[in-house]
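Biologist: Hi! Could you walk me through this structure? I'd like to start with the overall layout.

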Amino acid sequence: MTEPASPDRSDGLPTKTVDAVVIGGGAAGLNGALMLARSRRSVVVIDSGTPRNAPADAMHGFIVLDGTPPGEILERGRRQVRHYGGRIVTGEVVSAAPSTPSAQGDPRFTIGLADGRTLTARRVLVATGLRDELPDVPGLARHWGHSVVHCPYCHGWEVRDEPVGVLATGPASVHHAWLFRQLTDDLVYFARGTELDADTRARFAARGIRVVETPVREVVDDRSGALAGVRLTDGSVVERRVLAVVTRARARTEGLEGLRLPVEELPDAMGSRFVSALAGSTEVPGVWVAGNATDPTAQVGAAAAAGALAGARINAALATADTDAALAAAQEPPTP
Ligand SMILES: Cc1cc2nc3c(=O)[nH]c(=O)nc-3n(C[C@H](O)[C@H](O)[C@H](O)COP(=O)(O)OP(=O)(O)OC[C@H]3O[C@@H](n4cnc5c(N)ncnc54)[C@H](O)[C@@H]3O)c2cc1C
């Protein structure tokens, strides 16, 4: 696994059992693979090429890389993993399940790709990220990642002082309003039928946040296609340049059901995540999970750090298994 490779081609899939497969090649998966490859582990990253922040022009809030286009970060990450012998395969995992362990009891997993190819690995790092589900408001989705934003730390500075509207989706939107109020004095809260108690209304009033109770019909654009505001069901338009939404964050679990990783629903219908414990370990022996697939709040830095930690733990588990196997072989009686 040491041949040099250009950053954008898909590497071949090994036919032999590899030490680790990483499902998902975003910040979490690539950093996990980097740790494994640098520990001289044979590692294959399988990535379907749809990272969560793909719509964004630049990544913010992570020191040194702040302002870098997301695609450039991933391209550099892939190059670094390949530099140490890791393979990056373009493809979608559609099946993953434990298979027969080695004679010494070391786990094995069979990973199936959409194109029919398969791979056998000793350990699995799931780093498939999450899917953001937007509220069902006509015209909203086309501005996602630009004028429709979810994260004050990712895009907040870029939309400072703009007329911003919070499209409420549930209790978390109130907290969202406090965070966006820090960035602009011109904030409208579209309640969209969500509950607002007297204390919250008093707090909104104290911070100069206008509450609109009339339901939202659609997002409207100006002639150039830029977001211009929100049309209400009474036909009036509230002018806005930016809309903030708390999305429902659903872990990307498709194709991984065979691993039997527990998935839990998040409070207040905020989405779902793979359940994990320390350093991304799971209750399924041999399987770790990192990044947004298990922590929907992780930004790029936190996702990368979680991937690195899980990669290191996988390497440690493999080192123990290798030593157990060596000891068992050393203690075998010599064949007559
Ligand atoms: C619009 C937007 C802007 C953002 N801006 C910022 C920002 O400025 N700063 C910041 O720190 N964070 C930002 N984020 C958050 C950032 O996207 C996440 O923190 C980061 O993507 C999490 O990395 P990850 O590796 O867990 O998941 P991802 O980056 O989503 O990577 C997961 C990868 O797994 C692949 N995959 C999924 N399922 C399969 C499968 N079955 N088989 C093969 N591959 C699979 C996907 O194709 C994808 O490439 C933003 C998010 C959004 C939505």
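Modeller: Happy to. The centres of domain 1 and domain 2, taken over C-alpha atoms, are separated by 35 Å. Keep in mind that this is a predicted model.

Biologist: Which residues belong to domain 1 and domain 2?

Modeller: Domain 1 covers 18-131 + 248-331, and domain 2 covers 135-245.

Biologist: And how many residues does the contact take from domain 1 and from domain 2?

Modeller: Eight residues come from domain 1 and nine residues from domain 2. On the side of domain 1 that touches domain 2, the classes are four nonpolar, three polar and one charged.

Biologist: Let's switch to the ligand. Where does it lie?

Modeller: The ligand lies between domain 1 and domain 2, because both give residues to the shell around it.

Biologist: Which residues come nearest to the ligand?

Modeller: There are 40 residues around the ligand, and those that come nearest are G24, G26, G129, G291 and Q299. As for elements, α1, β2 (43-47) and α6 give two or more residues to the shell.

Biologist: How does that shell divide into nonpolar, polar and charged?

Modeller: The shell around the ligand has 17 nonpolar, 18 polar and five charged residues.

Biologist: You mentioned α1 and α6. How do their axes cross?

Modeller: The axes of α1 and helix α6 (residues 300-331) come within 7 Å and cross at roughly 35°. That crossing is right-handed.

Biologist: Which residues in α1 and α6 meet?

Modeller: Quite a list! On the α1 side they include A27, G29, N31, A33 and M35, and in α6 they include V300, A304, G307, G311 and N315. The residues of the contact of α1 with α6 divide into 15 nonpolar, six polar and no charged.

Biologist: Nice. What about α1 and α2?

Modeller: Helix α1 (residues 27-38) and helix α2 (residues 70-83) have axes that come within 9 Å and cross at roughly 20°. That angle makes α1 roughly parallel to α2. Their crossing is left-handed.

Biologist: Which residues make the contact there?

Modeller: From α1 you have L30, A33, L34 and A37, and from α2 there are L74, G77, R78, Q80 and V81. By class, the residues of the contact of α1 with α2 are six nonpolar, two polar and one charged.

Key. Residues numbered from 1 in each chain as written. Predicted model: local features only at pLDDT ≥ 70, side-chain atom pairs only at ≥ 80, totals over all residues. Axes fitted to C-alpha atoms, helices over the stretch in contact; angles between N-to-C directions. Helix = DSSP H or I, 4+ residues; strand = E, 2+ residues; numbered from the N terminus. Parallel < 35°, antiparallel > 145°, perpendicular 65-115°, else oblique. Left-handed = near helix turned anticlockwise from the far one by under 90°. Contact = placed C-beta atoms within 7 Å. Nonpolar A, V, L, I, M, F, W, Y, C, P; charged D, E, K, R; others polar. Near = placed C-beta within 6 Å. Domains from an automatic or database assignment.
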